[in-house]
Amino acid sequence: MASSHKILFVTVKPLSSKSELIQKNRELKAYLKSPPIDGKANEELIYLVSKQFNVKKTDVKIISGKTSKKKLIRILT
């Protein structure tokens, strides 16, 4: 069976007071407690997206913008 995927645009706000995702259409705003150091914010983002979409963390991949606040994410469903 072939798997499908979603592509989402995410704007990341590291060092926020709380961690949350706010979805509007196909765009997400990710407020992350983690700092943008050593990939910590990206790890938290992948965790939050996997939880929000009820998929495994390995099914979430940052396909562009790993060092940017604007990211493109693929979710396998």
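Predicted model: local features only at pLDDT ≥ 70, side-chain atom pairs only at ≥ 80, totals over all residues.
1. Secondary structure. The protein is built from one helix and five strands, and, read from the N terminus on, these elements follow the order β-β-β-α-β-β.

2. Overall dimensions. The radius of gyration is 12 Å, which agrees with the value near 11 Å that a compact globule of 77 residues would have.

3. Burial and surface. Of the 77 residues in the protein, 35% are buried, where buried means under 20% relative accessible area. The accessible surface comes to about 5,300 Å², and carbon and sulfur atoms account for 52% of that surface.

4. Contacts along the sequence. When contacts between residues at least 6 apart in sequence are considered, 37% of them join residues at least 24 apart.

5. The largest pocket. Which residues lie nearest the centre of the largest pocket? They are P36, A41, K66, S68 and K71, out of a lining of 16 residues, and the volume of this pocket is about 180 Å³. Helix α1, which spans residues 40-52, gives the most to the lining, contributing four residues.

6. Sorted by class, the residues that line the largest pocket comprise eight nonpolar, four polar and four charged residues.

Conventions:
Residues numbered from 1 in each chain as written. Heavy atoms only, no water. 1 Å grid on protein atoms, 1.4 Å probe; cavity = no way out; pocket = protein on both sides within 12 Å on 5 of 7 lines; lining within 4 Å. Points joined across faces, edges and corners; volume = space filled by probe spheres on them. Helix = DSSP H or I, 4+ residues; strand = E, 2+ residues; numbered from the N terminus. Nonpolar A, V, L, I, M, F, W, Y, C, P; charged D, E, K, R; others polar. Rg over C-alpha atoms; globule rule 2.2 N^0.38 Å. Buried < 20%, exposed > 50% of the residue type's maximum accessible area, 1.4 Å probe, protein only. Contact = heavy atoms within 4.5 Å. Areas by Shrake-Rupley, 256 points an atom, 1.4 Å probe, with all protein chains shown as cover.
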